[in-house]
Amino acid sequence: MDKFIFEPEPHKYTLNGIVIPGVSEILKANGLDFFSKVRPDVLSAAQKFGTAVHRATALWDKQDLAIDMLSEPLKPYLNAWIKFKKDSGYEIWAIEQPIYSKKLWVAGTPDRIGKLKKPGVLDIKVDNEYEPHVALQLAFYLTLWNERHPDQKIKERLAVILSPDKYRIEEYKDPTDFDVIMAMRRVYEYKKRYNLLRRQ
């Protein structure tokens with residue numbers, strides 16, 4: 001049986017003792033970074049806030065959040081997530097479950113797997129970190145999940161973008177996204193082979 005390990009710090013995946021690249025690493029190697037437009041002086045704070053929002057929504061969904069301990073800036077974003085779930089009736093199957101693909105040799109941790117209209121993958125974004133290439137991120141996650149769960153395949157790719165006390169939903173349907181991620185994987189391997197990743 002495969003031994004798959006995810007270490008949150010420093011965000012490293014290993015499969016049978018071998019490091020396996022993450023989806024974010026593949027995107028970054030191809031020039032796509034969700035914080036690429038953020039000024040360096042505010043990058044750290046933005047990343048920490050986004051991580052905190054994700055953590056709050058995950059704890060809420062697991063019914064393990066002490067709401068009175070939540071910092072005030074996070075509450076409007078959590079409210080937006082709660083509103084989305086109430087309005088949509090979204091059904092959660094998995095919360096931040098690390099998965100991998102042997103075929104692609106990529107790993108990742110989708111925010112949610114569940115069902116809105118159809119079974120699918122859902123990513124939560126804070127309004128200031130959303131960029132259109134989340135479509136590619138979700139194409140990776142969908143591919144990973146379907147390889148690992150052939151009896152519970154998913155079809156939809158959704159992003160829920162949270163703003164204070166409100167949300168919007170983006171759905172991605174372009175089938176060519178899956179051709180793009182295959183090409184991105186090959187570009188990553190090329191850069192790794194010629195030691196180009198460290199120069200980025």
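Modeller: Let us begin with K125 and D123, both of which are buried, a term meaning under 20% relative accessible area, with exposed over 50% and partly exposed in between (1.4 Å probe, protein chains only). This is a predicted model, in which local features need pLDDT of at least 70, side-chain atom pairs count only at pLDDT 80 or more, and totals for chains, interfaces and linings use all residues. Residues are numbered from 1 along each chain as its sequence is written, and side-chain values use heavy atoms, with hydrogens and water left out.

Colleague: What do K125 and D123 form, and how far apart are the closest N and O atoms?

Modeller: Side chains of opposite charge can pair when their charged atoms come close. A salt bridge requires a side-chain nitrogen of Lys or Arg within 4 Å of a carboxyl oxygen of Asp or Glu. K125 and D123 form one, with the closest N and O atoms 3.2 Å apart.

Colleague: How many salt bridges does this rule give?

Modeller: The count is 10. Among them, R112 pairs with D61 at 2.8 Å between the closest N and O atoms. R112 belongs to strand 7 (residues 112-115) and D61 to helix 2 (residues 40-61), so the pair ties together parts 51 residues apart in sequence; helices (H or I, at least four residues) and strands (E, at least two) are DSSP runs, numbered from the N terminus.

Colleague: Are R112 and D61 buried or exposed?

Modeller: R112 counts as buried at 0% relative accessibility, and D61 counts as buried at 14%.

Colleague: Which residue meets D177 in a salt bridge?

Modeller: R157 does, at 2.9 Å from N to O. Both D177 and R157 are buried.
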